[in-house]
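Dear colleague,

Please find the structure below.

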Amino acid sequence: MTTLERGIVTPEAVLLEFETAGIASRALARALDALVQGALLLALLTLAGGLLGYEGWAALVVVIVGVAVIVLGYPVVTEVAMRGRSPGKAALGLRVVTVEGAPIAPRHAFIRSAIGLVDFLIVPGGLIAVLVALFSSRSQRLGDVFAGTMVLRERTASRPALA
């Protein structure tokens, strides 16, 4: 593996070594986030049914807007608010950063989320995400490639360096 594949060269010409997150840990983090999103969707449907009734245009609008916000907005809000982490990523010690090593901005998170619709929802099971990550030197899925981001492992089983 070359130096560029094992690290990030910062604008100050400092090489930062890192460990990219594997497909399995990213899939597990995505599954945990999907459980949270599913709970939010269930709460939304319960709210729309209980407060507005299951019929009528108001309930339909609330459900459509709510689903869009939960599916597209959840990853954006959590990754920006938690500095590159979602609850699933936080549970597994993963973080999203730019390919330069900087924290992600809202535009990075939005691009990742929007392309994630292609990665995970159009083809069930995230087959596109897995195939693209397999052929990427940094295990980037399609959303990461377009956003200029990658997912790093923050916690490892290796021992810390001694002074």
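With which residue does Glu19 form a salt bridge? The partner is Arg153, and the closest N and O atoms are 3.6 Å apart; a salt bridge here is a side-chain nitrogen of Lys or Arg within 4 Å of a carboxyl oxygen of Asp or Glu. Glu19 lies in the loop between strand 2 (15–17) and helix 2 (23–52) and Arg153 in strand 4 (residues 149–153), so the pair ties together parts 134 residues apart in sequence. Helices (H or I, at least four residues) and strands (E, at least two) are DSSP runs, numbered from the N terminus.

Please note that this is a predicted model, in which local features need pLDDT of at least 70, side-chain atom pairs count only at pLDDT 80 or more, and totals for chains, interfaces and linings use all residues. Residues are numbered from 1 along each chain as its sequence is written, and side-chain values use heavy atoms, with hydrogens and water left out.

The structure holds 8 salt bridges in total. Another of them pairs Arg112 with Asp144, with the closest N and O atoms 2.6 Å apart. Arg112 belongs to helix 5 and Asp144 to helix 7 (residues 142–147), 32 residues apart. Both Arg112 and Asp144 are buried, that is, under 20% relative accessible area, where exposed is over 50% and partly exposed in between (1.4 Å probe, protein chains only). Through shared partners, salt bridges join Arg26, Glu79, Lys89, Arg112 and Asp144 into one network.

As for the whole chain, it contains 7 helices and 4 strands, and buried residues make up 33% of its 163 residues.

Yours sincerely
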